[in-house]
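Thanks for coming. I will go through one model this morning, chain by chain, and then the contact between the chains. Please have the sequence and the structure open.

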Amino acid sequence: MGKKVLVVDDDPDVRLFNVTVLEENGYTPLVATNGEEGKNLAKQEKPDLVILDVLMPRESGIRLYRELKTDKNLKHIPIIMLSGIAEKSFLRSQKVLAEFGDTPVPEPEAYLEKPVEAEELAATIKKIIG
Amino acid sequence: MNRILLVDDEPDIVRVLGISLRADGYQVRTASGGEEALAIFARETPELVITDIKMPGMNGIEVLREVKNINAETEVIIITGHGDIDSAIEALQYGASDFINKPVRDKQLAIALQRAQEKIHIKQQLREYTTSLEQKVAAATREIRRRSNFQGKLIRSSNDGIVATDEDLKIVIYNPGAERIFGYPHHSVVHRMQVQDLYTPQIADLIVTGVTQASGLQEFPWQETSILSENGDIIPVRFSGSILHEKGQKMGSVAFFQDLREIKRLERELLKAERLAAVGQTVAGLAHGLKNILHGLKGGSYLVDLGIKKDDTEKLKSGWDMIKRNIGRTSEMVMDLLTYSKEREPEFEDCFPNEIAAEVAALLAEKARESRVGIKKSLDPSIPQVSMDPRIIHTALLNLVTNAIDACLFDEDTGKEWQVVVATTLEDDNTIRFDVSDNGVGMSKNVRDRLFTSFFSTKGHRGTGLGLMVTRKLVEEHGGRIDVASSPGKGTTFTIHLPFEAAGEKKTTSRKIKKR
């Protein structure tokens with residue numbers, strides 16, 4: 001049984017792709033289709049890694065990211081952001097939220113902009129959790 | 001009056017009268033003859049002269065004439081003896097104020113003096129009145145001139161062209177602003193041209209009718225039109241004017257012109273800049289959309305590769321599905337782009353708008369159910385069969401209802417019972433109104449402002465940022481308009497007003513509708 005990786009994405013194509021890459025590389029995938037579901041699964045399953053999209057219905061990746069990174073039980077879980085949104089836009093949105101009074105959060109362990117090659121994704125995961 | 005010059009050749013009379021007058025409080029100078037009297041008069045100009053008429057040398061008449069010559073205001077009382085009637089008449093002609101007969105009695109003298117005093121007083125008052133009146137007239141004249149100058153300056157310095165005519169339609173005011181617009185120099189217009197010579201027939205007609213006919217319009221609100229300048233240029237202007245009245249009589253017309261050339265030029269430049277910005281946005285947006293699709297295609301081909309390598313039909317199949325889905329997304333995006341970039345005339349045909357709305361609701365029922373959103377229809381049964389472009393209604397409603405469902409899907413308030421309502425209303429005898437409302441996430445003002453711009457999307461992989469842009473374009477091509485009302489957390493309503501024609505009429509185009 002490999003390490004558990006939680007995939008949170010509303011796009012079925014991305015989910016299938018991520019899940020396949022994970023399985024092919026010996027990890028155990030967990031799947032959530034929106035932020036709300038993702039948060040619950042993260043609490044329940046305590047995954048070793050989260051792969052997270054930015055724009056999703058029912059709680060966006062921006063919010064979920066903050067919640068994971070500020071929860072004392074979950075903040076140690078590394079996160080790979082995988083998104084069509086440019087990294088700097090994501091970081092800016094987090095900075096803006098911090099300026100409006102939210103707790104500042106660290107940058108994600110990795111940020112991948114779509115499109116991503118399977119090899120690149122696999123290498124990034126391996127680098128972070130082995 | 002208290003200075004008196006007393007002239008008589010008889011020393012006794014001078015002495016007695018002098019004493020009497022001094023006792024009454026007058027300053028009295030005396031002379032025993034005409035020459036001496038005039039010398040004193042020239043030096044001291046007393047207000048009153050009392051002179052004997054018969055004197056050796058210069059007589060009283062001559063003294064009177066000289067005194068009146070020097071100062072016409074001086075009152076002169078003549079002392080006459082018996083038989084001096086002729087001289088007295090002559091003295092009257094030269095302006096003597098009064099006569100007293102010899103021998104001079106105190107009472108008679110007192111009356112003559114009082115009369116003289118009154119005369120002097122009245123004259124003085126008259127002089128004061130006159131002076132004050134003259135001053136007032138001068139001040140009023142200055143004020144009138146100042147105001148008229150001020151108004152003249154106002155008219156001259158106005159940036160707007162101002163042209164006024166008299167009641168005969170002859171141009172009497174033509175300011176530099178008008179000169180700049182029309183091009184004709186001032187001297188060739190004022191008192192030389194009639195309105196018909198300067199204005200386009202359209203404007204001239206308004207003015208001529210207004211001035212000459214009781215039923216003509218008297219006020220012309222601002223409107224955009226154009227004028228023909230001296231060198232034949234058509235110049236876009238804003239025009240307003242009115243017929244001038246005075247005491248119920250028409251007295252002419254005034255018209256104001258604003259030069260729109262600079263504004264139009266700026267508008268064109270802005271449009272150009274916007275177009276360039278739109279091109280930039282289009283490229284960026286297109287790249288973003290393509291990135292998502294590429295990701296799907298890469299994912300798909302990865303699965304297909306795996307499937308082949310491992311002889312795994314299931315992976316092969318799901319990879320191939322992923323590729324097909326993303327080919328589908330590519331073609332949707334390309335079609336939207338084409339729809340947006342191509343001018344298209346609506347094709348009117350007989351249809352039932354309610355049926356189209358119901359069809360769209362049915363088409364999206366499955367998607368709505370998956371997203372836990374209810375779809376409700378509220379269709380106006382009085383909408384008859386009409387002539388419209390059914391494809392436009394279909395595409396527009398499909399886009400709006402899809403958006404409405406997504407707005408619920410993106411709503412983080414999971415306690416809500418989400419609902420999308422599609423409503424139709426017969427607004428008047430040539431417009432149908434379509435409302436698509438949801439109680440989903442709503443929009444901030446920032447989002448609302450950017451709604452109809454290209455590639456603006458808040459929907460992640462679901463949105464290309466083209467739907468609303470395409471919808472608005474189609475609605476406008478159909479001669480209609482689209483509005484939006486939204487409040488964050490409460491929901492959004494999109495409203496489309498589309499004009500229609502009666503069913504069975506010949507096919508027509510939107511152009512015709514717009515003109516109506």
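How far apart are the end C-alpha atoms of helix α5 (residues 118–129) of chain A, and what should its 12 residues span? At 1.5 Å a residue, they should span 16 Å, and the end C-alpha atoms are 17 Å apart, which agrees. The expected span here is 1.5 Å times one less than the number of residues. Helices (H or I, at least four residues) and strands (E, at least two) are DSSP runs, numbered from the N terminus.

Before going on, some housekeeping. This is a predicted model, in which local features need pLDDT of at least 70 and side-chain atom pairs count only at pLDDT 80 or more, while totals for chains, interfaces and linings use all residues. Residues are numbered from 1 along each chain as its sequence is written, and chains are lettered from A and ligands numbered from 1 in the order in which they are written.

Back to α5(A). Which of its residues are buried? They are A118(A), L121(A) and I125(A). Buried means that 20 or more other C-beta atoms lie within 10 Å of the residue's own; exposed means 12 or fewer, partly exposed is in between, and C-beta atoms are placed from the backbone. The three cover an arc of only 70° around the axis, so they sit on the same side of α5(A). That arc is taken from the directions from the helix axis to the C-beta atoms. An α-helix has 3.6 residues a turn, so residues three or four places apart point the same way. On the other side of α5(A), the exposed residues are E119(A), E120(A), A123(A), K126(A) and K127(A). After the helix comes G130(A), with a positive phi near 80°.

Next, strand β4 (residues 79–83) of chain A. Of its 5 residues, 5 are buried. Both faces are covered, with I79(A), M81(A) and S83(A) on one side and I80(A) and L82(A) on the other. β4(A) pairs with strand β3 (residues 49–52) of chain A in the parallel sense over 3 bridges; two strands count as paired if DSSP finds at least two bridges between them. Opposite M81(A) stands L52(A). β4(A) also runs parallel to strand β5 (residues 110–113) of chain A, joined by 4 bridges, with S83(A) opposite E113(A). Between β4(A) and β5(A) comes helix α4 (residues 87–99) of chain A, and the three make a right-handed β-α-β unit. Right-handed means that, with the strands pointing away from the viewer, the path from the first strand over the helix to the second runs clockwise.

Now chain B. It has 16 helices and 18 strands, and 31% of its 516 residues count as buried. Strand β14 (residues 418–428) and strand β15 (residues 431–438) of chain B pair in the antiparallel sense over 8 bridges, and a hairpin joins them through 2 residues. Within this pair, I432(B) in β15(B) is the bridge partner of L426(B). β15(B) also runs antiparallel to strand β17 (residues 491–499) of chain B, again with 8 bridges, and there S437(B) stands opposite T493(B).

A separate item is an open, antiparallel sheet of 3 strands in chain B, in the order β11-β13-β18. Its edge strands, each pairing on one side only, are β11 (349–351) and β18 (501–502) of chain B. The bridge partner of E349(B) in β13(B) is M388(B).

Last, the interface. How many residues of chain B are in contact with chain A? There are 21, in contact with 21 residues of chain A, where contact means C-beta atoms, placed from the backbone, within 7 Å. The elements of chain B that give two or more residues to this side are α9 (261–310) and α10 (313–341). The largest share, 11 residues, comes from α9(B).

One residue to look at is G296(B), in helix α9 of chain B. It is buried, with 27 other C-beta atoms within 10 Å. Not counting residues up to four places away in sequence, G296(B) touches D13(A), M322(B), R325(B) and N326(B). N326(B) lies 30 residues from G296(B) along the chain, and their C-alpha atoms are separated by 6.1 Å. M322(B) and N326(B) are among the buried residues of α10(B).

Terms used:
Contact = placed C-beta atoms within 7 Å.
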